[in-house]
Amino acid sequence: RGGAAAAAAATTSPPLPDSWRAKPAPSSRGAMPSLSGAHRSILLARMFGVGLHLLSPLFWMLGFGRLALLLLLGGVGLARGGGALVHGAVPPMLRETERPPSKEEMDAAAGAGLYCVAGVRNFGPNLASEWAMALESLAFVCTYGKKNCLTNEMYRGELSLGKIAGLVWGKLREGVVRC
């Protein structure tokens with residue numbers, strides 16, 4: 001009898017408020033601020049940072065531990081805040097605009113992708129995103145950011161490191177340095 005009274009009281013109690021509907025929908029797990037519209041120099045700095053990270057294990061295996069650590073830390077620093085440095089270092093043909101990235105753009109990029117604490121927490125998707133951006137930036141560098149003899153083949157289908165290296169090597173083997 002006590003169980004029936006408790007069940008009756010539970011069905012007559014007022015419903016819980018739908019306060020969750022007033023809140024924005026939760027973002028998908030691992031969603032980070034996007035770098036898709038970031039300044040080209042920031043994307044190039046991140047590409048160079050990924051490159052330094054790829055070199056650091058090689059130097060570590062060769063017995064140059066301090067240099068490997070320096071490359072690893074330098075890659076993080078370059079990826080997080082090296083956009084202005086890269087903008088001043090790359091040739092003019094690799095700049096989409098003469099204006100270097102602003103402090104606000106650099107701060108926004110530092111909080112996105114793999115090179116922040118939240119990015120490391122969701123390592124896999126952010127690593128894949130950084131790798132895709134690095135490949136796109138490498139393709140941009142190899143085509144000089146312009147439409148030329150490599151552009152159509154480079155951007156046809158999915159980008160891969162093998163595809164980029166193969167196309168560039170093929171042109172260099174033909175003796176074509178400038179299209």
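Student: Ground rules before we start?

Tutor: The model is predicted, so local features need pLDDT of at least 70, side-chain atom pairs count only at pLDDT 80 or more, and totals for chains, interfaces and linings use all residues. Residues are numbered from 1 along each chain as its sequence is written, and side-chain values use heavy atoms, with hydrogens and water left out.

Student: How many salt bridges does a search of the whole structure find?

Tutor: Eight. A salt bridge here is a side-chain nitrogen of Lys or Arg within 4 Å of a carboxyl oxygen of Asp or Glu.

Student: What does E136 pair with?

Tutor: R40, at 3.0 Å from N to O. Helices are DSSP runs of H or I, at least four residues, numbered from the N terminus.

Student: Is R40 buried or exposed?

Tutor: Buried, at 8% relative accessibility. E136 is partly exposed, at 26%. Buried means under 20% relative accessible area, exposed over 50%, and partly exposed in between, with a 1.4 Å probe and protein chains only.

Student: Which residues are linked with R40 in a network of salt bridges?

Tutor: E96 and E136.

Student: What about K103?

Tutor: K103 meets D107 in a salt bridge, 3.2 Å from N to O. The two are four residues apart in helix α5 (residues 103-110), so about one helical turn separates them. An α-helix has 3.6 residues a turn, so residues three or four places apart point the same way. K103 is exposed at 56%, and D107 is partly exposed at 44%.

Student: And E98?

Tutor: E98 forms a salt bridge with R95, with the closest N and O atoms 3.6 Å apart. E98 is exposed, with a relative accessible area of 56%.

Student: Back to α7. What should its 20 residues span?

Tutor: 28 Å, and the end C-alpha atoms are 28 Å apart, which agrees. The expected span is 1.5 Å times one less than the number of residues.

Student: Which residues of α7 are buried?

Tutor: N126, E130, M133, A134, L135, S137, A139, F140 and C142. What covers them includes α2, α6 (117-121), α8 (151-154) and α9 (161-173).

Student: What does S137 touch?

Tutor: R40, L43, L44 and M47, leaving out residues up to four places away in sequence. Contact means heavy atoms within 4.5 Å. S137 counts as buried, at 0% relative accessibility.

Student: What happens just after α7?

Tutor: Y144 takes a positive phi of about 60° there.

Student: New topic. How many cavities of 30 Å³ or more?

Tutor: One. The largest cavity holds about 40 Å³ of space. A cavity is a set of points on a 1 Å grid over the protein atoms alone where a 1.4 Å probe fits but cannot get out; lining residues have an atom within 4 Å of a point. Points are joined across faces, edges and corners, and volume is the space filled by probe spheres set on them.

Student: What lines the largest cavity?

Tutor: I42, A45, L78, A79, R80, G81, G82, G83, M106 and A109.

Student: Which helix supplies the largest share?

Tutor: α3, with four residues. α2, α3 (65-81) and α5 each supply at least two.

Student: And by class?

Tutor: Six nonpolar, three polar and one charged. Ala, Val, Leu, Ile, Met, Phe, Trp, Tyr, Cys and Pro count as nonpolar, Asp, Glu, Lys and Arg as charged, and the others, Gly among them, as polar.

Notes: 1 Å grid on protein atoms, 1.4 Å probe; cavity = no way out; pocket = protein on both sides within 12 Å on 5 of 7 lines; lining within 4 Å.
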